[in-house]
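Work through the two exercises below with the sequence and the model open beside you, and try each task before you read its solution.

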Amino acid sequence: MLLDLVQNTVDGLAVGAAYGLLALGFTLIFGVMRRLNIAFGPSIMIGIFAGAWLHAEWSVGMVPVFLAVLAGAVITAAYVERISFAAIRGDAALASMASSFAIWMQLEEAVARVFPGRTYGFPTFDGMPMIEIGPVLLRPEYLVMLVTAAALVAALQWGLAHTRFGLELRTLADRPEAARVSGVNVARVAFLTFLLAAAIGGIAGFLIAAADGQITPKIGLWATIKGLIAMVIGGLGSLRGALIGGLVLGVVEANAQWFLGAAGREMTTYALLFLALVLLPAGLAGRTEAGARAEAERRL
Amino acid sequence: MLELSNLCVRYGHIRALEGVSLTLKAGEALAVAGMNGAGKSSLVRAICGLVPVREGQVRLDGQAITGRPLHRLEGVALVPEGRVLAPSLSVSETLWLGAGRVSARTLAARRDGVLARFPELAGRLTQRAGTLSGGEATMLALARGLMAAPRILILDEPSLGLSPAATARVFDTLAELRQDGIGVLIVEQNLHLALGFADRFLLLQHGRPVGEGSTAEADRSAGLEELLLGH
Ligand SMILES: Nc1ncnc2c1ncn2[C@@H]1O[C@H](COP(=O)(O)OP(=O)(O)O)[C@@H](O)[C@H]1O
Ligand SMILES: [Mg+2]
């Protein structure tokens, strides 16, 4: 029983790290544009199918597949940004969301037509041995997930703190008007943030698909929902929160699946979302962005 | 040199600015005055491409720059109304933000120059902008503008809410900047300060220019003083 709990928690942390990356992508877009990109998951799905197609047609290795996923997700995100976000006026958040919803359906339909079967194979990390930590087993692809997520988050933190783009992104998230009056090219930063989020999401999607070994067009919706729930649990707008939210979601899901079954897992996930909204409206990471801004402005 | 000809700004059917023309040369200072809602901020924001220009033209050194956003306006910097700092950025990061995309060496040189002007900021480089006092925040907004190495500096009511000492400090700095050849366009409600500092003034009422000239004349003309005060 206790061993099961530990084993599930280890597995959950790995999957949760991938959820955290999805939530991180959402949070970056939400923080900078203050809008939800419903088509975030489906952009990742396009990338995953591009990778699966390349693998099926040319039986290429993991690295080209990974690059194809990344490129597919980023290019699709550029398309979504141009159509649903850049082209729509700054204050029309609802129109952007509705439009990204429409694009999601368009993308899913396109993939369903090109790939009419229900599931497709995706290359896996073959030949890597199972890792034993005492009685606990760690799947090698889960180790890759954990290490990649940790490295990515560290790189992101560093980039946000030390690069010019990071500075401009943080300013835009904190106070857009301050970016504008300081001569920041706000449209450019928003566009690049969109692409960065898609790249992070693409990496998460690749890791998840490689761990499962098979994909369906539903993976887009799935990624959007997991990312959204993890973001809400962690507190909208906080990068650290997004990561914590992903890990919590992964661990709770893995244990619920084991002890309660698939239906129990779904119920537990939505119960967790509900609890997060009711008990911690500011998320696990603490206070809200709006609260922090109000506090700061009182002093100004 | 900055030249505005017949500039018009509208918000829907509100005519915020109607037919404003002016010129500003290197080292010169122009004060823009007028009551609340006269269109002063709209003028400033139109020059910096922050609101759409309905009619008229803005030229910088003879080149048309109408409607260009600040990131495409080399040589122009803005110290906006209410300072508009990002509260979570440190003082040091706020300065970096103002510099734009420049090399590390240029950045360091500008920072040294700006911090020499504002020693009170030099001791607070890691403090968050949101925790500064009003006077310090104004200095930081001014410093952020100077990090762009502007030839034209535009300020929108920098003295708002400041103590007389802090206000005097702002105007002393502006006087130094003029000596260095920077053209200063300043929106200022405090008439004595505005007329004492600037070479020329422009008076707006309901978006229209209702008076302009040299401040030396304005000092002598009692009638203008009344007009400026809005009687
Ligand atoms: N974004 C806006 N939308 C609609 N009306 C505006 C906007 N900004 C300013 N105005 C109006 O335009 C007029 C001029 O405003 P403004 O330029 O801010 O004046 P000032 O800076 O001289 O106080 C005012 O009547 C104001 O209400
Ligand atoms: Mg104003």
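**Exercise 1.** How much area is buried between chain B and chain A, and what percentage of it do carbon and sulfur atoms give?

*Solution.* The model is predicted, so local features need pLDDT of at least 70 and side-chain atom pairs count only at pLDDT 80 or more, while totals for chains, interfaces and linings use all residues. Residues are numbered from 1 along each chain as its sequence is written, chains are lettered from A and ligands numbered from 1 in the order in which they are written, and side-chain values use heavy atoms, with hydrogens and water left out.

Step 1: take buried area as the accessible area (1.4 Å probe) that two parts lose on being put together, summed over both. Between chain B and chain A this area is about 2,200 Å², and carbon and sulfur atoms give 59% of it.

Step 2: B:Trp96, B:Leu97 and B:Arg101 supply 28% of the area that chain B buries against chain A, more than any other three residues.

**Exercise 2.** Find which residues of strand β7 of chain B point one way and which the other way.

*Solution.* Step 1: locate β7(B), residues 152-156 (strands are DSSP runs of E, at least two residues).

Step 3: look at the neighbours, where 4 bridges join β6(B) to β7(B), running parallel, and B:Val79 stands opposite B:Leu155.

Notes: Buried < 20%, exposed > 50% of the residue type's maximum accessible area, 1.4 Å probe, protein only. Pairing = 2+ DSSP bridges.
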